[in-house]
Amino acid sequence: MGKHALDGIRLADIAELAKVSEATVSRVLNGKPGVAAATRQSVLAAMDQLGYERPPRARQHNAGLIGLIIPELDNPIFPAFAQVIDRTLVMRGYRSVLCTQAPGGATEDEFIETLTARGVSGIVFVSGLHADTTADHDRYRRLIDSGVPVVFLNGYAPDVKAPFFSDDDRAAVELAITHLRELGHERIGLAVGPKRFVPVQRKAEQFRRLMAPVLGSAEAVDELIVHTLFSVEGGHSAAWTLLERGCTAVVCGSDLMALGAIRVARRRGLEVPRDFSVVGYDDSPLIAFTDPPLTTIQQQVSAMATAAVRTLLDEIAGVEPPAEEYLFQPELVVRGSTAACPDRT
């Protein structure tokens, strides 16, 4: 059977086969929002079965695809985010297109160009340039102005009118410091990433606020904040410096950094946690099985990712997106890498 011309389309036939209303068929044919991905696919499948040619807009716009741009997969917290996001999308009739920013690979702008060329229905950004206070955010404003729905996780750019979903970095630091202070630690270090990132700035700000009364001055606190890389090597370097400065404990900006801190303590002949306590951040998969099992601050990955996806799909359906940041409360998970300060044992 040959393809029928668009002007000969019988909405009633398509609606009956797809088990939807004629109004829904009309919305699909005209590329209007407010139609779930699974419903849209049912209508297009009915058109194919009846021999109708898909309208150009339906051919060009791949309603079932959502772009997901995340940093490199070396840090296990990012695959954890990707897994939850993908699972949530699949349950709602969508598929994710995963774009990972490996060193020397494609840039975020190149990924945006590729995804928009493919006609994705929306894009999820995880710990991207929106978290970098030195980055140009015009890329996001242009994307939003072009009509592409977007949501952002972990990072906040107040000049971008879009939904943001973040772990509460200030609360995370307060949980860690409170735990270590209860164990008797006073010279506590903070090992975090580069200063330009919003989550780093928030952690450092809260660390200063909480530790200034303990150490006596802002200058004394600043000596115990080390900015490095979010990696095992970064944690190794930071912990070496903090141990030289007399710290008995360290709060790290990632679980990988915490593993580096444990490694350098051992190389200096110290035992964790007897001589040096270490707190991680993320509660990455398998981190409970390290030696010792890592005390860490758990990000609410599932809740954050699910909320972001639902907001994005609402936006795709025509709901006006909330241009604000939602903060999720982290949890302290106490395991075996923290203990009483050596002076108190």
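The model is predicted, so local features need pLDDT of at least 70 and side-chain atom pairs count only at pLDDT 80 or more, while totals for chains, interfaces and linings use all residues. Residues are numbered from 1 along each chain as its sequence is written, and side-chain values use heavy atoms, with hydrogens and water left out.

**Overall make-up**

- The chain contains 13 helices and 12 strands; these are DSSP runs numbered from the N terminus, with helices (H or I) of at least four residues and strands (E) of at least two.
- Along the principal axes, the C-alpha atoms fill a box of roughly 85 × 35 × 35 Å.
- Of the 345 residues, 51% count as buried (under 20% relative accessible area, with exposed over 50% and partly exposed in between, using a 1.4 Å probe and protein chains only).

**Packing of H1 and H2**

- Helix H1 (residues 11-18) and helix H2 (residues 22-29) pack at an angle of about 105 degrees, and their axes are 8 Å apart.
- H1 is therefore roughly perpendicular to H2, a term for angles of 65 to 115 degrees.
- H1 contributes Leu11, Ala12, Ile14 and Ala15 to the contact, and H2 contributes Glu22, Val25, Ser26 and Leu29; contact means heavy atoms within 4.5 Å.

**The cavity**

- The count comes to one cavity of 30 Å³ or more, where a cavity is a set of points on a 1 Å grid over the protein atoms alone at which a 1.4 Å probe fits but cannot get out.
- The largest cavity holds about 40 Å³ of space, a volume being the space filled by probe spheres set on the points.
- Residues lining the largest cavity include Ala172, Lys203 and Tyr281; lining residues have an atom within 4 Å of a point.
- The largest share of this lining, three residues, comes from H8.

**Backbone features**

- Most residues other than glycine have a negative phi, and most peptide bonds are trans.
- The peptide bond from Val272 to Pro273 is cis, with omega near 15 degrees, and Pro273 lies in the loop between helix H12 (255-267) and S9.
- Asp291 and Pro292 are also joined by a cis peptide bond, with omega about -5 degrees.
- Ser127 has a positive phi, near 50 degrees, and counts as partly exposed at 27% relative accessibility.
- Asn154 has a positive phi near 55 degrees and is buried, with a relative accessible area of 10%.

Conventions:
Axes are lines fitted to C-alpha atoms, for helices over the stretch in contact, and angles run from 0 to 180 degrees between N-to-C directions. Angles under 35 degrees count as roughly parallel, over 145 as roughly antiparallel, 65 to 115 as roughly perpendicular and the rest as oblique. On a 1 Å grid over the protein atoms alone, a cavity is a set of points where a 1.4 Å probe fits but cannot get out, and a pocket is an open set with protein on both sides within 12 Å along at least five of seven lines; lining residues have an atom within 4 Å of a point.
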